[in-house]
Amino acid sequence: MGEAELELHGSMQITGDGELEIGGCRATRLARDFGTPLHIMDEEMMRSKCRDMRMSIQKHYPKVFVAYASKAFCTLAMCRLIHEESLGLDVCSGGELFTALEAGIPPENILFHGNCKTPREIEMGVRVGIGRFIVDNLDELDLLSEISRKFRRRAHVQIRLNPGVEAHTHHYIQTGLIDSKFGLGITDGQAMKAVERVLGSEYLVLEGVHSHIGSQILTVEPYVLATQVVMSFVGDVKEKYGYSLREVNLGGGFGVRYKAADTRFSLDEYAERVSRVVRESCHIQRLDLPCIMVEPGRYIVGEAGTTLYTVCGI
């Protein structure tokens, strides 16, 4: 690869004698000491991304909770880094939940995702007192209610909405379309039915709603549209049940650059425009300002990873 083609980022640099260095470590030495293929994560860059995400939104909005989407990269060290940077964690399997707990993440800072949670995984979350269950369908809601009653433990819930918004990304990773398998539909009444069930449950506590429209999204407009839909639903809940939702979880999916020609996602524009939608919606519908929650995953780790290989033959 010619010098003009090699784009250095994070803590990468080329030493005086022409070697690649990441985080102060020479790539050749890492390959020699640990073998290849070798995955290297730039800690300095990941910490910087965590702070950028948290501070960009806090600059525009008073109540913010950022949860790292651990499916992007989940190890004990990564979970500890996230906690040290004052972020929460979202998990979508029993294995990720186990890793988070082993890393010392407080259960109340963990969000439990997944559209096909097993009874064993839900039971595990209820027993440790998970912060939020993001409920994906009515069957899961019934199962969570049953298990919470069994252990006499309250479960705090966010209902995942299907906002019907098309994100400008590959169709395989669009999750906010009306015919998506993720989330409860607003237009068909399923989401409001879930609200009614939670409000009528003895052991479930409705905290808010969740929306995730896809992954590797590089433009802000789809998030603005989704936020408008979500806030309209929040207003409908208040009008129909007199219940104020305390949390609006806008998910993640923030894209990263894989090629030099790719657009860099504007985090500041996202924070400014989305927070404006929430404020204006609350003013118009006479709602209290909810906590805005976001779940970056790829955005934090995607560009921080490098894989080293050894050429074995030509």
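How many bridges join strand β5 to β13, and in which sense do the two run? I will come back to that in a moment, after a word on what we are looking at.

This is a predicted model, in which local features need pLDDT of at least 70 and side-chain atom pairs count only at pLDDT 80 or more, while totals for chains, interfaces and linings use all residues. Residues are numbered from 1 along each chain as its sequence is written, and side-chain values use heavy atoms, with hydrogens and water left out.

Let me start with the chain as a whole. The protein chain has 10 helices and 14 strands, where helices (H or I, at least four residues) and strands (E, at least two) are DSSP runs numbered from the N terminus. Its C-alpha atoms fill a box of roughly 70 × 40 × 35 Å, taken along the principal axes. For 314 residues a compact globule would have a radius of gyration near 20 Å, and the 21 Å of the protein chain agrees with that; the radius is taken over C-alpha atoms, and the globule rule is 2.2 Å times the number of residues to the power 0.38. Buried residues make up 50% of the 314 residues, with buried meaning under 20% relative accessible area, exposed over 50%, and partly exposed in between (1.4 Å probe, protein chains only). Of the contacts in the protein chain with a separation of 6 or more, 67% are between residues 24 or more positions apart, a contact being heavy atoms within 4.5 Å.

Now to the opening question. Strand β5, residues 64-69, is joined to β13 by 3 bridges, and the two run parallel; two strands count as paired if DSSP finds at least two bridges between them. Within this pairing, V66 has V294 of β13 as its bridge partner. Strand β12, residues 247-249, also pairs with β13 in the parallel sense, over 3 bridges, and here the bridge partner of E247 is C291. Both faces of β13, residues 291-294, are covered, with C291 and M293 buried on one side and I292 and V294 buried on the other.

Elsewhere there is an open sheet of 3 strands in the order β1-β2-β3, with antiparallel pairing. Because β1 (13-14) and β3 (25-26) stand at the edges with a single partner strand each, one side of each is left without a neighbour in the sheet. The pairing of β1 with β2, residues 20-22, is antiparallel and extends over 2 bridges, and Q13 has E21 in β2 as its bridge partner.

Turning to the helices, α4 covers residues 94-102, and its buried residues are G94, E96, L97, T99 and A100. These buried residues pack against α3 (76-84), β6 (88-91), β7 (110-112) and α5 (119-128). After α4 comes G104, whose phi is positive, near 90 degrees.

In helix α6, residues 138-151, I would point you to E140, which is buried, with a relative accessible area of 6%. Leaving aside neighbours within four places in sequence, E140 is in contact with G114, K117, I122, I134 and V135. With one of these, K117, the side chain of E140 makes a side-chain polar contact at 2.6 Å, a polar contact being a pair of N or O atoms within 3.5 Å, where within protein one must be able to donate a hydrogen and the other to accept it, and residues adjacent in sequence count only if both atoms are side-chain atoms.

Several loops also deserve a look. The peptide bond from T36 to P37 is cis, with omega near 0 degrees, and P37 is placed in the loop between α1 (27-34) and β4 (38-41). In the loop between α6 and β9 (155-162) we find R152, a residue other than glycine with a positive phi, near 55 degrees, and R152 counts as exposed at 63% relative accessibility. Q216, in the loop between β11 (204-210) and α8 (221-241), has a positive phi of about 55 degrees although it is not a glycine, but Q216 is buried, with a relative accessible area of 14%.

Finally, the cysteines. A search of the whole structure finds 0 disulfides, a disulfide being a pair of cysteine sulfur atoms within 2.5 Å. For C282, the nearest cysteine sulfur is that of C291, 12 Å away. C282 is buried, at 3% relative accessible area, whereas C312 is exposed, at 79%.
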